[in-house]
Amino acid sequence: MIPASFDYHAPGTLPEALALLSRYGDDAKVLSGGQSLLPLLKLRLGQTGHLIDIGRIPGLEYVREEAGLLRIGGRTRESALEASEVIRARYPILHDTAKVIADPLVRNMATIGGNLAHGDPGNDHPATMIALGAQVVATGPKGERVIPIEQFFLGLFRTALRPDEVLTEIRIPVPPARSGGAYLKLERKVGDYATAAAAAQLTLGSDGAVERVGLALTNVGPTPIKAADAEKFLTGKRPDAANVGEAAQRAARAASPSADRRGSVEYKREMARVLTARALKLAVERAGGR
Amino acid sequence: MQPRTSPEVGGMGHSMKRKEDPRFIRGKGNYVDDIVLPGMLWMDIVRSPFAHAKIKSINTEKALKVPGVLAVITGETLAKYNLHWMPTLMSDTQMVLPTEKVMYQAQEVAAVIATSRYAAADGVDAVEVDYDPLPVVVDPFKALAPDAPVLRTDKKDKKDNRIFHWEAGDRAATEKAFAEADVTVKQDLYIPRIHVASIETCGCIADFDRVNGKLTVYMTTQAPHAIRTVFALVAGHVGLSEERIRIVSPDIGGGFGGKVPVYPGYVIATAASVVIGKPVKWIEDRMENLQADSFARDYHITAELAARKDGTITALRMKTLADHGYADAAANPSKFPAGLFSICTGSYDVKKAFVEVDGVYTNKPPGGVAYRCSFRVTEAIHAIERITDVLAQQLKMDPAELRMKNFIAKEKFPYKSALGWEYDSGDYAPALRLAMDKIGYQALRKEQAEKRARGELMGIGISSFTEILGAGPSKHFDILGIKMFDSCELRIHPTGKAIARFGTKSQGQGHETTYAQIIAEELGIPASAVQVEEGDTDTAPYGLGTYASRSTPTAGAAGAMAARKIREKAKKIAAYLLEVSEDDLVWEPGKFSVKGAPSRSKTIQEIAFAAYTNHPQGMEAGLEAVDYYDPPNLTFPFGSYICVVDIDRGTGMVKIRRFVAVDDCGNIINPMIVDGQIHGGLTMGMAPALLEEISYDENGNNQAGSFMDYLVPTAVESPSWETYKTVTPSPHHPLGAKGVGESATVGAPPAIANAVVDALAHLGVKHIDIPITPERVWRILKEKGVAE
Amino acid sequence: MATHEIRVTVNGTPYDTQVESRLLLVHLLRDQLRLTGTHIGCDTTHCGACTVLLDGQPVKSCTVLAVQADGRQVSTVEGLEKDGKLHPLQEGFWEKHGLQCGYCTPGMLMTTCALLSKNKAPSEGDIRDAISGNLCRCTGYNNIVKAVQYAAERMGKEA
């Protein structure tokens, strides 16, 4: 449980951090919460010559609504998200998500930026951000890039973030009235990665039909899975049991899980279906429907 | 039972606060890794990624260049001293470090000695080992196939992978009973390998003092004296002599049987210290602990019951294949290669029984009884409680009713079981009735019927177990020939305080408190004034250690007997001081008084002072005694547990709604400590039932080698346990007490398994193997067409 | 091999020391500062035996680098007792038999200390959630819950 040697840098500003990342390129890694990175280094499953700790840089932890967006600083701790009144009241899907990441102690260090940037399909925020239609702000030496979340996850442990960029902000559009969302995670025990998890965020029209819906799945593929076909199906329809059931079937079909100790391919796919249906039902309730 | 002593004295029955807690709550415990010795070096171990492979070469060049690395020890190094193999506690042999091949994944291959913890880790990373993989045997049934590769090529003339065949009971009479039965049931069950994973891993500091020729080993061990003798026997030829070996077991962060075996790491560290002449510390990682240290269970059982139409069980038969890994290194008493598995007739009056167990080698770590199992009692009771429910289902009889019908009646104790045990005392029906009352059994059955009609799944599971604890009588019990007595050395100081040393070793069971309470009970000296020590072989009397819930039955008894010897002498001194004859004296805890003249008395404190200042002429001064207690029998605590579960039809997740545990461990020393043991045992019973399993793929790769996949329950998975007691004293134990530490690990898993099967019984489900994972349940639901 | 000069304040006492970049905070505390109350129980950030407070927040010190604690406050179990007076949690664990082998106990104490500073009257569910990152093998958790409830009540009275 002892990492191999590396150099450690604690830049005080973002430009300094970016300069270090540019300088060391592939031989450098960003240390945010460290709750994904340090375990890897301790088991010597990952190696790095340089750790760039962004923990001393001010202005990267915040949760605020402004101009139609919920803006979350990349280094905001999961525990802060969990405790945020704004999030609990107006983004219940995000509150659900923060609450089930690892355990309460890990959440005091782990950051939302790290959770997204690590590219681990087992991490919980990616699916929720897809369901919310979020954007990721990547800051590099040449300035900021805004990346739509659907373009962010490229493959297993691969994101659109470049080696010389830091994920500095997440932007979530403020949901309109009659919106609701939920994140449901099936785990073998507290602290585990998801056997499967479903994120559902929707807005109902005045006629009770689904105006917009975002659906995504955790840990049933090499990246978070956007259930686009299910979303398409459900849009414009009433979220009754039959339609929700069909949407959930389609979401399950979009999954491509791998078998492991959490479950077989068949079981995980079925759980994607069950959880999607349940998440949709809860999202509808929270949207004020039914 | 009303305590005989006041709370200030704190004898039996008082829930006094633990005397050991002040250091633990301050973070001032003294665990092995807390100890630092001058000049201490660090050891870390290189381990095999392969389950079975020839070692072609070990290249230590790079490792030796790592700053801080002093040496790399290999099997070749140890072979020079003939220390590369060592005996196991079951008289098999196992490697310390290999010279030819490795036989399980994570086996120790080489050890790096360095000046710091971090340098040792770097050194391990730099050792280069070249392996030639060999065919792997992980299926114990395949290991018995005629064409299976013979694993123990080190044993001349060995042509198969069999270890032992053991049987008990009457095969022919049992067969006859089965042939004549109205009803027979048969069930295969697999109890998978699990790992005890105490929060502190194993480790030691071996310190060989060249000047005095003395070896001191600070070690996570539950049995320090046995270790000392084994070291003396194994390493006698390199000059280690038993009077110059000291094993110190300091504070231990949980044992549960996992800290009984002699692990290669201890031996390598000791050899390193002897050769280098400096202290060598070795502390294993969690992954090493899970992947290489002694496991428990891994029993493939076929259980059968024969019965009459009315539900009376007439016979029991069990056949077991025991997967022992590559060596039989289980810590069983030597005559019992399958431990106390023959307790499997359980709480029932089964007239005819036959059991057989075959042990087999596979490419897995060695072990067998390291998880709070009382020597295979967990396996035995799981089997009988499951097959009893299978029978109940077959007969369409309520499982509580079937148990009541077959319980050994109170009048039959001491009861001789068909497999040769004499149960000391028991009163099973009241315990089950109490459990049923507390859980609201009838109302639950009603609720279940209503829920079934609506398609909801809930189950009620019962487990009525009998435990067998306190190994054990010298007639039958020994470990490597050393009889399983235990001991107490008790000395009263002039000011009436006491020191009591024992041959056992607590790893959290509270001996510093409970043993003091025993002395308080017998002598009336306040428990707070009795200093209890264990674990240092230089000072403690010889004992076999703490595991299999043997401490109260053996060492606790020794404490009581030593105190009584002291009381005998105290009586003489009192008679002398009071100028009466001994027959005129009456004892109450704390003092002798004259019959009919109670104001004429001497307290134990006054007597103690007199033992040093005013003892009768001709009598030795002092007030102390030693007792080596040879228990006349084991003790047989028992209980009835009832579990209520609800099953999520969508995910297959099992939620324990309620769990009532009624335990009977005879007379209780400290009720609060007993409850703590039961809570802990229940969580360690739930864990294998629902969460924990060590499994291997066909290449022998461990699939649960870290806490990522070896699922130890948190406070969220662990229910709020409800505990109750009945009290049926042991007729032979000096205090009427029985052991209790493992009752709950024994009783809980079948209660939970029975509850889940009960929830699905109306769908035709007869049995589910543990761990009952959500997917396992879901597959059944899907197959039966009731999944959400 | 980079080393850094850091100052970490532990239980109110500042310590100036030189450390390797890769030194884990738990090893700084245990091996360098000889505060051995904080324990190590795993290598995958699961067991929580290493829990300390970092600027008042309970974290797993095996998954924090010592350099990350530079300039910050660390509280360990050794700092709970003040002027010979036990913290109500320490009393609660003692009164209610909330420990057996004692190995997970410092971690449990630090986590629940943080809990009670945020939630003065936690329910059983709150307590179990709060300690879900701390594994115990001995107690079955029942009495740990009771210990925390005892402390909460004591602290409520003292307030």
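Author: We begin with contact, which means heavy atoms within 4.5 Å. The model is a predicted one. By that cut-off, 56 residues of chain B are in contact with 51 residues of chain C.

Reader: How much area do chain B and chain C bury between them?

Author: Buried area is the accessible area that two parts lose on being put together, summed over both. For chain B and chain C the figure is about 4,500 Å², with 54% of it on carbon and sulfur atoms. On the chain B side, 19% of the area buried against chain C comes from Ile25(B), Tyr118(B) and Ile199(B), more than from any other three residues.

Reader: How many residues of chain A are in contact with chain B?

Author: There are 22 residues of chain A in contact with 29 residues of chain B. Chain A and chain B bury about 2,300 Å² between them, and carbon and sulfur atoms give 52% of this. Arg188(A), Lys189(A) and Arg261(A) are the residues of chain A that lose the most area to chain B, together 30% of what that side buries.

Reader: At what angle do helix 11 of chain A and helix 19 of chain B cross?

Author: Helix 11 (residues 265-286) of chain A crosses helix 19 (residues 774-783) of chain B at roughly 80°, and their axes come within 11 Å. Angles of 65 to 115 degrees count as roughly perpendicular, so helix 11 of chain A and helix 19 of chain B are roughly perpendicular to each other. Helix 11 of chain A brings Glu266(A), Tyr267(A), Glu270(A) and Met271(A) to the contact, while helix 19 of chain B brings Pro774(B), Glu775(B), Trp778(B), Arg779(B) and Lys782(B). Sorted by class, this contact has four nonpolar, no polar and five charged residues.

Reader: How do helix 17 and helix 18 of chain B pack?

Author: Helix 17 (residues 671-690) and helix 18 (residues 743-760) of chain B pack at an angle of about 40°, and their axes are 7 Å apart. These two helices of chain B are therefore oblique to each other. The crossing of helix 17 of chain B with helix 18 of chain B is right-handed. Residues that meet there include Ile678(B), Gly681(B) and Leu682(B) in helix 17 of chain B, and Ala744(B), Thr745(B) and Ala748(B) in helix 18 of chain B. By class, the contact has ten nonpolar, three polar and no charged residues.

Reader: Now the sheets. In what order do the three strands of the open sheet in chain A stand?

Author: The order is 1-3-2, and the pairing is parallel. Strand 1 (7-9) and strand 2 (28-31) of chain A each have a single partner strand, so one side of each is left without a neighbour in the sheet. On average, neighbouring strands of this sheet are turned by 25° against each other, direction ignored. Four bridges pair strand 2 with strand 3 (residues 50-53) of chain A, and Lys29(A) stands opposite Leu51(A) in strand 3 of chain A. Helix 1 (residues 14-24) of chain A lies across strand 1, strand 2 and strand 3 of chain A, at about 165° to strand 3.

Reader: Is the pairing in the open sheet of chain B with order 6-2-8 parallel or antiparallel?

Author: That three-stranded sheet has antiparallel pairing. Its edge strands are strand 6 (101-102) and strand 8 (128-133) of chain B, each pairing on one side only. Strand 2 (residues 53-59) of chain B is joined to strand 8 of chain B by six bridges, and Ile55(B) stands opposite Tyr131(B) in strand 8 of chain B.

Definitions and conventions. Residues are numbered from 1 along each chain as its sequence is written. Chains are lettered from A and ligands numbered from 1 in the order in which they are written. This is a predicted model: local features need pLDDT of at least 70, side-chain atom pairs count only at pLDDT 80 or more; totals for chains, interfaces and linings use all residues. Side-chain values use heavy atoms; hydrogens and water are left out. Two strands pair if DSSP finds at least two bridges between them. Axes are lines fitted to C-alpha atoms, for helices over the stretch in contact, and angles run from 0 to 180 degrees between N-to-C directions. Angles under 35 degrees count as roughly parallel, over 145 as roughly antiparallel, 65 to 115 as roughly perpendicular and the rest as oblique. A crossing is left-handed if the near helix is turned anticlockwise from the far one by less than a right angle, and right-handed if clockwise. Ala, Val, Leu, Ile, Met, Phe, Trp, Tyr, Cys and Pro count as nonpolar, Asp, Glu, Lys and Arg as charged, and the others, Gly among them, as polar. Buried area is the accessible area (1.4 Å probe) that two parts lose on being put together, summed over both.
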